2 protein chains.
Amino acid sequence: MSHLDAVLARIDADVDAAMARLFGFLAIPSISTDPQHAADCRKAADWLVSELATLGVSATSNPTAGHPIVTANVAGSSTRHALFYGHYDVQPVDPLDQWETPPFAPVIATLPDGRKAIRARGSSDDKGQIMTFIEACRAWKSVAGSLPIGITFLIEGEEEDGSQSLSDFLASHGSELKADIALVCDTGLWDQQTPCINTTLRGIVYEEVTIKCADFDLHSGVYGGAARNPVNLLAKIIADLHDDQGRVTLRDFYKGVPETPPHILEEWRALDLSPEKFLGPVGLAIPAGEKGRMVIEMIQSRPTCDVNGIIGGYTGVGAKTVIAAEASAKISFRLVGHQDPDAIRDAFQAHVRARLPADCTADFISHKGSKAITLPFDMPDLVAAKAALKDEWGVAAVTIGSGGSIPVIGEFKTALGLDSLLIGFALDDDRIHSPNEKYDVRSFHKGIRSWARILAALAA
Amino acid sequence: MSHLDAVLARIDADVDAAMARLFGFLAIPSISTDPQHAADCRKAADWLVSELATLGVSATSNPTAGHPIVTANVAGSSTRHALFYGHYDVQPVDPLDQWETPPFAPVIATLPDGRKAIRARGSSDDKGQIMTFIEACRAWKSVAGSLPIGITFLIEGEEEDGSQSLSDFLASHGSELKADIALVCDTGLWDQQTPCINTTLRGIVYEEVTIKCADFDLHSGVYGGAARNPVNLLAKIIADLHDDQGRVTLRDFYKGVPETPPHILEEWRALDLSPEKFLGPVGLAIPAGEKGRMVIEMIQSRPTCDVNGIIGGYTGVGAKTVIAAEASAKISFRLVGHQDPDAIRDAFQAHVRARLPADCTADFISHKGSKAITLPFDMPDLVAAKAALKDEWGVAAVTIGSGGSIPVIGEFKTALGLDSLLIGFALDDDRIHSPNEKYDVRSFHKGIRSWARILAALAA
């Protein structure tokens, strides 16, 4: 019996005890955004320190301006080293009356289709996921006496509140956080049968623009036809952001946007993410993006432009015949590949100014942008982790992109020089951030087994 | 001393008391579009009934499905009879923080050029203007014991909300509203020195459209690129309403739009309403209408399309990465000549539907529209009123068109067979519909004197 086989057997034998340990973690209401739960956040950090001690890992709860960051360092039996990142804080629980059982009293629930699931706030996001990794480490330590690779644990308590303290911590503790790769367990499976690694995250540029025309609101009867209307003008500016093929028209917008390699497109095509499957559940049917692209490209490998909000003129009940003095919109761009947020911000502002009559002005508020994150598809650690996941799940892991942005991944790259493997076992129906959050027992059990295999694979 | 001279002297002696009466009227927040102010609208109607009683005029506040309509009937010393129309309702007051003094606490303000003005919501539109007529009647009654002509008062409370109840009222009370001519005091002077009678009014079509896409708000990271964004879609629909020559693109939109005769265009050119003169006071410089047209054409003889309000997505402080489920706009068209409001409404709805993907919907709220109005230039009452205005102001009254729409004028013609004389004393800088609405004290005083003269002139 190889070490790995013994480790997997050990995990199977220990899964009920592992679940009991997780329940203790889930019972702590570590809601980071609510100052009343600051002590609970400290308690969750202390719980992790104690829990890691049971593995023989000496951890520290590091105070910050916000909630503590837990760190620990363990040598491995190879020279390879990974930084493991997760977060012990959870979302608020309101509306409380929609929970079938209290959010911090974890239970095993049976879902309508017979699946067993752990129901509690944080079960999926992210305490259950953290524990898949820690339990995998426990099994390795207990069977082999050491981990296949060295691990630095970095578990924060402000992920649901903008990770406010993490940047400073990375800057001041960079030398203690050195590693070859980051492992992040805060994402999901492709579906119940199929594991998945997120290899790209879109970046973002987010601009607010206010168009100002007349000095004050005008009567549309008296001035209509002669006075510039900022809402009409803003509509024109927005409409001009796309051409009739669904492409964004900003100058050099597609500079740095890579074409996805044909074999990856093939993989994606095989996933069969039809418009009905992706858009049906939200009441839509027709993909809105670039003509000739699959839905999965539109949300993963192609940049976008969306208006996130617009307001101008009279918006109350009934009719008011006014020409507003100003109108505003919040407009964001999701970026991929090597698109440069600063260049795109400049191009957007130039696009607006080019459409502005000389007697009107535009004011901008620029929110912090981020570049997209892309892992090389042929990176050895990625290839190794994919193989390990296939061994566990029996089907190839899909490598997909995430349409959203996880700022900490960008910080690992810029502050620590680390690429990140985003591997998780959540499911789309886990109701994260909602009442009755759950984590499938199978996700938990196979998640532990998956990490046990990945730790071995990364050592090789 | 003739009756008229005595009446004018009486007006001069009584002007401060008249202003005090107006202040009482202005203190009532009779905002017709806001259901929370329904009681205030009833209060304003009751105030008029009491006020007319002080003239010895017995008035009635007639309940309607909306706000009450005040009517009264007074015989005159001649057989001539006029219907006087005004409205006691006012526009909403937002944005409230831009008012220098509270909108319903009237004050006498001194303008930068030294003019005295009454500042309050409704001071110019239309409470101050109504009171110029009532105070002229009061002076006639007090000096001569009776009015030179018979008057039927018709003062409604839904003008700023589409005059919803008025049609039914005209239909059911037509026999009580018989007259030779309608007098309407809801328009302006040409400039501070020059009186004016409006002989044309633009019509209006006012539509609200709500575009619905997804069933609920979506995360723009997860769905951005694939999910239809109703704000972007609405922006495209709005932008497509104009071509690059400033013309409205709706099918058959210009059907029934007459070309102004060359000699009238010559007259208008002589008025020298330059872009600087018309747009400068509101902070603009470049006419926004059809290329190749004078400003005076843009606001009087050409139809328009303006967005009066738009809202969708997140409009609070900061960034939220949301794709809204829906977005709405209020869009109005000013009509001229023989343009057909129903046909234009249909063309607008068709324009929207033609741009709607099959998985999105558009809901419409159609406000009551009106056709444009044109008076014969040689009508005797018009000639008499022009002469009376010249007597008061010392310069000839100009006969122009109005860019605004007063739907009721069309109804007076169709339901009662009445032509309307549109005579008012507002100024372009009165900020009607805006914060800090005002009415010059001189407008109020000379307005009362003007009506006193016109009542005499119409009797002759």
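In strand E11 of chain B, Ile310(B) is the bridge partner of Gly312(A). This pair belongs to an antiparallel pairing of strand E11 (residues 304-313) of chain A with E11(B), which runs over 5 bridges. The model described here is predicted. The briefing covers the contact between the two chains, then one strand of chain B and its partners, and then the overall form of chain A.

**Contact between chains A and B**

- The contact draws 75 residues from chain B and 69 residues from chain A.
- Several elements of chain B each supply at least two residues of the side that touches chain A; among them are the helices H5 (220-223), H6 (230-239), H8 (275-279) and H9 (295-300).
- Strands of chain B that likewise supply at least two residues each include E10 (218-219), E11 (304-313), E12 (322-323) and E13 (326-335).
- E11(B) provides the largest share of the side of chain B that touches chain A, with 9 residues.
- Sorted by class, that side of chain B holds 37 nonpolar, 26 polar and 12 charged residues.
- E11(B) also pairs with strand E11 of chain A, in the antiparallel sense.

**Strand E6 of chain B and its partners**

- Strand E6 (residues 150-156) of chain B is largely enclosed by the rest of the structure, because 6 of its 7 residues are buried; a residue counts as buried if 20 or more other C-beta atoms lie within 10 Å of its own.
- Strand E2 (residues 69-74) of chain B pairs with E6(B) in the antiparallel sense, over 5 bridges.
- Within E6(B), Ile151(B) stands opposite Val74(B).
- Strand E3 (residues 81-87) of chain B pairs with E6(B) in the parallel sense, over 7 bridges.
- Ile151(B) in E6(B) is also the bridge partner of Ala82(B).

**Overall form of chain A**

- Chain A contains 13 helices and 18 strands.
- Its C-alpha atoms fill a box of roughly 85 × 50 × 50 Å along the principal axes.
- Of the 460 residues in chain A, 53% are buried.
- Among contacts in chain A between residues at least 6 apart in sequence, 78% join residues at least 24 apart.

Conventions: Residues are numbered from 1 along each chain as its sequence is written. Chains are lettered from A and ligands numbered from 1 in the order in which they are written. This is a predicted model: local features need pLDDT of at least 70, side-chain atom pairs count only at pLDDT 80 or more; totals for chains, interfaces and linings use all residues. A residue is buried if 20 or more other C-beta atoms lie within 10 Å of its own, exposed if 12 or fewer, and partly exposed in between; C-beta atoms are placed from the backbone. Helices (H or I, at least four residues) and strands (E, at least two) are DSSP runs, numbered from the N terminus. Two strands pair if DSSP finds at least two bridges between them. Two residues are in contact if their C-beta atoms, placed from the backbone, lie within 7 Å. Ala, Val, Leu, Ile, Met, Phe, Trp, Tyr, Cys and Pro count as nonpolar, Asp, Glu, Lys and Arg as charged, and the others, Gly among them, as polar.
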